[in-house]
Amino acid sequence: MSGAALGLEIVFVFFLALFLLHRYGDFKKQHRLVIVATLLAWYLCFLIVFILPLDVSTTIYNRCKLAVNSSPAESNGSYVTLAPSKQKCFKPWSYIPDGIMPIFWRVVYWTSQFLTWILLPFMQSYARSGGFSITGKIKTALIENAIYYGTYLLIFGAFLIYVAVNPNFNLQWNQLQTIGIAAANTWGLFLLVLLLGYGLVEIPRSHWNGAKRGYLLMKTYFKAAKLMTEKADAEENLEDIMEEVRKVSESIKYNHPLRKCVDTILKKCPTEYQERMGRNMDDYEDFDERQNSYPSEKSLAKLHKQVIYSVQRHRRTQVQWQILLEQAFYLEDVAKNESSATRQFVHTFHSQEPENKIIQYFYTPTVEWYWECLLRPWFYRVLAVVLATFSVIVVWSECTFFSTRPVLSLFAVFIQLAEKTYNYIYIEMACFLTIFFLSICVYSTVFRIRVFNYYYLASHHQTDAYSLLFSGMLFCRLTPPLCLNFLGLTHMDATISHKNTQPTAYTSIMGSMRVLSFIADGFYIYYPMLVVILCIATYFSLGTRCLNLLGFQQFMGDSEMTSDLIDEGKELIRREKRKRQRQEEGENRRREWKERYGNRDESTRSRAVHTDQKESSFSETNANRPLSKYTRSNGRTERDRIELLQDAEPLDFNADSVNDDPLESDLGR
């Protein structure tokens with residue numbers, strides 16, 4: 001059982017990261033290296049969160065063994081018995097043998113740091129590059145990251161020169177390694193507190209507001225108005241870019257050296273634009289560099305980059321609009337069904353996707369009505385209260401975790417009580433819930449924030465490669481300081497507890513922060529207290545109000561602009577609803593017509609086929625008979641038909657009058 005828990009968690013976390021990446025990324029259209037790098041970054045960060053509770057329980061057992069070995073003891077099976085007090089140190093069910101966890105943490109930590117500081121920034125520039133070859137993209141990525149890498153090398157080189165010149169410093173390699181880790185964790189902790197302060201308030205509040213049907217519907221109308229503006233902007237931007245592509249495609253002929261670059265750009269365009277522009281292969285005139293001015297390869301690379309961005313943005317807004325429409329229609333259905341006397345949920349529109357038969361069997365309209373109209377609001381309220389309680393405990397512990405006598409951090413109190421009885425199941429569950437809640441508050445903020453169109457994680461496979469890689473960088477930078485902050489809250493970090501006990505394997509990899517005392521005793525202890533100020537600012541929506549004053553529309557109930565956008569979104573949803581109703585009515589009429597007249601049409605068609613068969617058989621039998629008997633009559637009939645055609649005269653519609661008697665007309669001629 002010692003290695004089974006570690007193996008199960010490794011496999012489970014991999015599929016969890018793969019599921020989330022499949023929800024946000026697109027495996028079919030995005031580059032495989034982007035998918036692999038993002039998956040590895042997410043996987044390593046989630047793995048640290050899930051494995052750290054096992055490290056805590058293993059460390060507590062190792063401390064017990066050290067305490068037992070320091071006094072006369074007896075060994076008995078899976079536990080060690082202390083002779084004087086008969087104390088038992090039970091081995092936890094998830095115990096990991098010595099030597100495994102340090103190697104595991106070292107591989108995971110340094111791989112994540114290599115990803116976040118070297119590989120992922122390079123791949124970001126590579127993914128955004130508009131180059132037409134691998135060499136060109138690598139060259140562009142190196143140029144863009146030269147300043148980024150050069151800044152770090154300059155700072156590190158200046159620090160090494162200062163240490164080498166100053167005789168008071170005698171730093172070894174381990175101490176330099178610890179300083180580098182401390183610098184990375186300091187940057188991560190600075191960003192961690194900002195995201196944590198927002199998530200501790202916004203997550204309970206979002207679940208509490210989720211119980212308000214009117215609130216959700218109004219916010220959906222608000223989102224619809226904003227998304228329609230963004231959708232129109234994306235369509236206009238795409239039209240402008242496609243016009244530039246058309247001009248370039250018409251100017252560069254088939255035998256131009258840059259025609260391959262133009263063809264690459266055309267392949268990235270939507271299908272309807274490709275059909276409209278074509279490949280311009282109908283003009284076989286040779287190009288003349290002296291008469292025409294052609295764009296350079298650098299300008300084509302810039303255009304290629306713009307095409308990729310505009311197409312991705314247009315596709316994303318289209319998908320998000322359809323998802324938002326379904327959400328708005330469903331919330332309107334919930335509002336209508338709340339006053340239903342039959343207590344059966346009735347949908348205005350049928351689901352466009354086929355429903356699972358098992359879910360359809362258990363999730364009946366009656367069950368759906370009770371869940372959506374009665375149980376779900378109360379469930380969200382209870383969940384919001386539980387999450388708010390966790391948030392209060394986290395804020396209190398962040399402000400008091402440095403106090404060891406008495407122990408004021410509630411998480412440390414819980415762990416120490418369980419450590420006295422060696423209840424490893426309780427220890428692992430308490431540690432897992434604590435670090436899981438902290439991770440949800442931080443990671444959910446990463447998924448929610450949007451920096452214009454520069455960084456945006458959109459679900460339903462609509463996230464671009466740059467945003468996926470950027471999220472991987474954020475996760476790798478936030479997870480190590482998050483784990484150190486968790487160990488400080490539970491007093492498992494010797495730097496916080498000030499006890500000469502065995503540290504966890506994760507802390508031993510981080511090294512002793514005593515090398516930089518002003519960081520260990522100052523920044524790591526007092527900076528997390530700022531989470532209180534950030535929580536207060538988030539509770540009163542100070543950031544939202546500032547953005548609203550700057551002109552960025554934010555959902556605020558007491559704003560006139562918000563009311564106007566809600567009315568606009570309501571009208572947009574009503575218009576789309578009428579359009580959807582007309583489409584369904586047309587489909588229903590066609591379906592009824594097929595059901596009513598489909599059999600009659602089939603019978604008529606079968607009769608026609610049967611008649612044709614009879615005529616063909618009759619003609620075949622006549623053809624098989626002797627032709628000499630009918631030769632004269634057939635010839636006469638043919639001559640009569642020719643004479644009638646020759647005698648026929650066309651009517652003159654331009655004449656003054658038309659005579660009814662054809663003989664009079666002949667006499668007149």
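**Exercise 1. Classify the accessibility of His460 and describe its backbone.**

Solution. His460 has a relative accessibility of 36%, so this residue counts as partly exposed; buried means under 20% relative accessible area, exposed over 50%, and partly exposed in between (1.4 Å probe, protein chains only). The model is predicted: local features need pLDDT of at least 70, side-chain atom pairs count only at pLDDT 80 or more, and totals for chains, interfaces and linings use all residues. Residues are numbered from 1 along each chain as its sequence is written, and side-chain values use heavy atoms, with hydrogens and water left out. Next, the backbone: His460 is not a glycine, yet its phi is positive, at about 60 degrees. Finally, the location of His460 is the loop between β5 (455-456) and α14 (465-489). Helices (H or I, at least four residues) and strands (E, at least two) are DSSP runs, numbered from the N terminus.

**Exercise 2. How many aromatic pairs does a search of the whole structure find?**

Solution. The search finds 31 aromatic pairs. One of them joins Trp371 and Phe379, with ring centres 6.0 Å apart and planes at 50 degrees, so this pair is tilted. Rings of Phe, Tyr and Trp (its six-membered ring) pair if their centres lie within 6.5 Å; planes under 30 degrees apart count as stacked, over 60 as edge-to-face and the rest as tilted. Phe379 also pairs with Tyr380: the centres are 6.1 Å apart and the planes stand at 75 degrees, so the arrangement is edge-to-face. Trp371 is partly exposed at 29% relative accessibility, and Phe379 is partly exposed at 43%. Elsewhere, one aromatic cluster is formed by Tyr24, Trp42, Phe46, Tyr443, Phe447 and Phe475.

**Exercise 3. Which residue lies over the face of Tyr456?**

Solution. Arg450 does, at 4.2 Å from the ring centre. Arg128 lies over the face of Tyr466, at 4.7 Å from the ring centre. A charge sits over a ring if NZ of Lys or CZ of Arg is within 6 Å of the ring centre and within 35 degrees of the ring normal.
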